[in-house]
Structures are given as C-alpha cells and as structure tokens.
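Please look over the sequence and the structure shown here before reading the briefing that follows.

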Amino acid sequence: MINSLVRPASLEDHQKLSNLIFFESRLHRHLDWRSPLEWLGAPFYWALDEGRQITAAFACPMEALGIAWVRLFVYTGSWSAENAWNILWQTAREEVSQAGGARVAVIAMQPWFQQILEASNFKNIQHIVMLEWHGFTSQPWAGSVAPGVRVRKMLEADIPDVERTDMASFDPLWQNSLETLRRAYAQSLIATVAENDIGIIGYQLSTGSEHRAHLARLAVHSRMQGRGVGRALLGDLIAKLAHGGIYHLSVNTQSDNANSLRLYQKMGFVRTGEQYPVYIFDVPANG
C-alpha cells in the first residue's frame, strides 16, 4: 500500500521544493543538464507532506524507456534519512513496477546515501572516476588528426545526427536523449563534431568559464572506435582551450571504460583520486 503521506509532486510545488533544495544539506541531486525543479510535472516525482509542508521529495523520471536515474532525494531534519528514503522508495518501486518496470540508477556522491542504497539492495556496478589535464608544459594533443576525419563546430541542426551517434556509442544506461543534447548544446562552451564522408561519427560537448573547462561528453560511433576519432576531437578541443588561455580541463568517465581511460591518460590527463559509485536496482514489471 502506498503511504498516504506521499503524493505526486506538481508544478504548484515549485516554491516549496525550491526552498527545500536550497536550505537542506540532506540532499542528493543528479549530475544533470536540468535542475531538479525543471523535472516537475514529469511522472515519478513525489513529495512527502507533513501538514502543509513538504518535508521530503524523491524523483526518478524516465528520460529513456526503461532507464530511471534518481535525480533528487531530499529530506528535512524531521526525518531520518532511512525513514524518508524507505517511504519514498516504496512508493517509487510500486509505481515504476505498475508502469512496466525500469532500471533505477544512482551516482551516489555522499557516503550516507551509499549506505542507504546498499541497505535497499542496490548493486554497485562501477565507479565514476575524475581526471584532470593541466597543459602548461606539454602538448600531447599535437598531431591529433585521424585520416579522412574532419572536426568542425557543432551546429544546432546537427543535434539529431549527434543523438544517433550517441546511441551508437553508449550502453542504454548512459545514452543522452535528444532533449538532453539540445540543453547540453545550449549550455556548452565548445561543441564540435567529427565527420567523414558518411556523416557525423563523433562529437564532444564542453562547459567552462574564463579559467577552466569540463569535458562533459565525448562520444565516437561504435563502428569508428579505435581509429583516432576520439583523439582528434580531444586534441582539437585542447588546442582551442589553450588558444583561449584555458589550461585546466576536467573530465569523468566510468572506471571500467578502459578505452576512455587509455585515451585520456595518453593525452596527459591524470586521475584526481575522486571516484563515485554507480548503483542500479532493476524494478520488475508488475505481474
């Protein structure tokens, strides 16, 4: 039975949830191109009411069929983390199951949240590892050219082709939707594509400021991997950043993505020691 205190969050909850997210340190939010408030109105977003106050919230909207990232979990001091989680997670499991099931995934950055997930039988499948490049002394990107491949500025009209490349580059858990790619493009500092005579075969999206940048996405079509396309995109990006006086670039990737780790390390990136576990829970369809 779904707990009677739990209800779907709505657009009318915007201000209350905004206050809750802003003032509470007891918070998990997904690394996302959208804020938790921008997901309001989507299915699988719940508020936990006490009187007229929202004292906890949980959101795992599905952006792709069968994949539901936990994008928000927040609670006030009137709850223990375990009690708030258990009430909301029970609701989430039941409703996701009734909707046909899904793989619920979390990048858990705080130890307290990792403990909760493990107690709820989430499975740790890999880690997100952080790397950085400081390019003051070396130029490992020099000569990063793939035969028959051109790197150029990404255009908004390229995004549908970029989405197809993204889907051919990653497992479903890590794929970006068309809407996410549009948002990422709009927020990017530098966005480029790699193409050959067939069309777009890779892309990168980076964010940044005056002094540092972050490589948010690097993707190469599965049929073109191992041919220098990723190195060409990364080399072009680093050269552009250096030309603009930016010599600090960060990136993250999966701990079991040996090809990505090898590329980044060849290009002068070093691991920072930071890593965050990725958990999954497969919710079966009801019946």
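**Helix 6 and what follows**

Helix 6 is followed by G245, a residue whose phi is positive, near 80°; helices here (H or I, at least four residues) and strands (E, at least two) are DSSP runs, numbered from the N terminus. This is a predicted model, in which local features need pLDDT of at least 70 and side-chain atom pairs count only at pLDDT 80 or more, while totals for chains, interfaces and linings use all residues. Residues are numbered from 1 along each chain as its sequence is written, and side-chain values use heavy atoms, with hydrogens and water left out.

- Helix 6 has 15 residues and reaches 21 Å from its first C-alpha to its last, close to the 21 Å expected at 1.5 Å a residue, where the expected span is 1.5 Å times one less than the number of residues.
- K240 and D236 meet through their side chains in a salt bridge with an N to O distance of 2.7 Å, a salt bridge being a side-chain nitrogen of Lys or Arg within 4 Å of a carboxyl oxygen of Asp or Glu.
- Both K240 and D236 lie in helix 6 (residues 229–243), 4 residues apart, which is about one turn of the helix.

- Side chains of opposite charge can pair when their charged atoms come close.
- The structure holds 17 salt bridges.
- One of them joins D282 and R103, whose closest N and O atoms are 2.7 Å apart.
- Because D282 lies in strand 15 (residues 270–283) and R103 in strand 8 (residues 102–107), the pair ties together parts that are 179 residues apart in sequence.
- D282 is partly exposed, with a relative accessible area of 44%, and R103 is also partly exposed, at 31%.
- D166 forms a salt bridge with R217, the closest N and O atoms being 2.9 Å apart.
- D166 belongs to helix 4 (residues 159–167) and R217 to strand 13 (residues 213–220), so this pair ties together parts that are 51 residues apart in sequence.
- D166 counts as buried, at 0% relative accessibility, and R217 is buried too, with a relative accessible area of 11%.

**Strand 8 and its partners**

- Strand 8 is mostly covered, since 5 of its 6 residues are buried.
- Strand 8 pairs with strand 15 in the antiparallel sense over 6 bridges, two strands being counted as paired if DSSP finds at least two bridges between them.
- Within this pairing, A102 stands opposite V283 in strand 15.
- Strand 6 (residues 67–69) and strand 8 pair in the parallel sense over 3 bridges, and there I67 stands opposite R103.

- An open sheet of 5 strands has the order 1-3-4-7-2, with antiparallel pairing.
- Strand 1 (6–8) and strand 2 (27–29) are the edge strands, each of which pairs on one side only.
- From one strand to the next, the twist averages 25°, with axes taken as lines fitted to C-alpha atoms, for helices over the stretch in contact, and angles running from 0 to 180 degrees between N-to-C directions.
- Strand 4 (residues 53–59) and strand 7 (residues 72–75) pair in the antiparallel sense over 4 bridges, and the bridge partner of A59 in strand 7 is L72.
- Helix 1 (residues 14–23) lies across strand 2, strand 3 (45–50), strand 4 and strand 7, and runs at about 80° to strand 4.

**The surroundings of E195**

- E195 is found in strand 11 (residues 190–195) and is buried, with a relative accessible area of 15%.
- A polar contact of 3.0 Å joins the side chains of E195 and R152; a polar contact is a pair of N or O atoms within 3.5 Å, where, within protein, one must be able to donate a hydrogen and the other to accept it, and residues adjacent in sequence count only if both atoms are side-chain atoms.
- Leaving aside neighbours within four places in sequence, E195 is in contact (heavy atoms within 4.5 Å) with G148, V149, R150, R152, I200 and I201.

Definitions and conventions
Buried means under 20% relative accessible area, exposed over 50%, partly exposed in between (1.4 Å probe, protein chains only).
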